[in-house]
Amino acid sequence: MAQRSVWKTFLAALGACALAASAIWPSSSQAVLLDEAAPETREDKDFATAERLVKERHFTEAMPLLKAVIARDPGNADAYNYLAFSQRKLGHLGEALGNYMRALDLDPDHIGAREYLGELYVQLGEMDKADEQLTRLKLLCPLGCEARDDLARAIAESSLQQLRK
């Protein structure tokens, strides 16, 4: 029993240190996808244009450009992620799911794809799968990051909505 108490105290102290550190040092991991894009991706004109279009919420116009990027560079996890994001926002959830999975096949630690796949699972009501993505984000962002916070918020809001029904 004493060991459990020591362990709880240690974990509480570790959590407090992590919280303090996150307040002092901003996380380098952010939910903004393209700020994390590889340098060669950012130099691609189609990708840069698609990035701007997605940020302006012109998803339909961005999709052909992202598909062109993928045709030239099928290993581009950022392009798959942005394509999936656009598809999800347009309601093409099945296509989005496939492209998020492809992005994560290419880069299992892709923070944006983890967040947005989790949000897709929330939309689909698959809360266990959304929680899995949040757990993975907790490992990728141990001191916290915008992607982790946004997915946690989406899960919490969905849970509250379910309780109100």
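Which handedness does the link of C141 and C145 have? Right-handed, with 70 degrees about the S-S bond. This is a predicted model, where local features need pLDDT of at least 70, side-chain atom pairs count only at pLDDT 80 or more, and totals for chains, interfaces and linings use all residues. Residues are numbered from 1 along each chain as its sequence is written, and side-chain values use heavy atoms, leaving out hydrogens and water.

**View A. The disulfide of C141 and C145.** The two sulfur atoms sit 2.3 Å apart (the cut-off for a disulfide is a pair of cysteine sulfur atoms within 2.5 Å). Searching the whole structure turns up one disulfide. Both C141 and C145 are buried (under 20% relative accessible area with a 1.4 Å probe, protein chains only; exposed is over 50%, partly exposed in between).

**View B. Helix α9 and its buried residues.** Helices here are DSSP runs (H or I, at least four residues), numbered from the N terminus. A147, R148, L151, A154, I155 and S158 are the buried residues of α9. They cover an arc of only 130 degrees around the axis, which puts them on the same side of α9 (the arc is taken from the directions from helix axis to C-beta atoms). On the other side of α9, L163 and R164 are exposed.

**View C. Y82 and F85 in an aromatic pair.** This pair is edge-to-face, at 6.3 Å centre to centre and 70 degrees between the planes (Phe, Tyr and Trp rings, six-membered for Trp, pair with centres within 6.5 Å; planes under 30 degrees apart are stacked, over 60 edge-to-face, the rest tilted). Y82 is buried, at 4% relative accessible area.

Technical notes
Helices (H or I, at least four residues) and strands (E, at least two) are DSSP runs, numbered from the N terminus.
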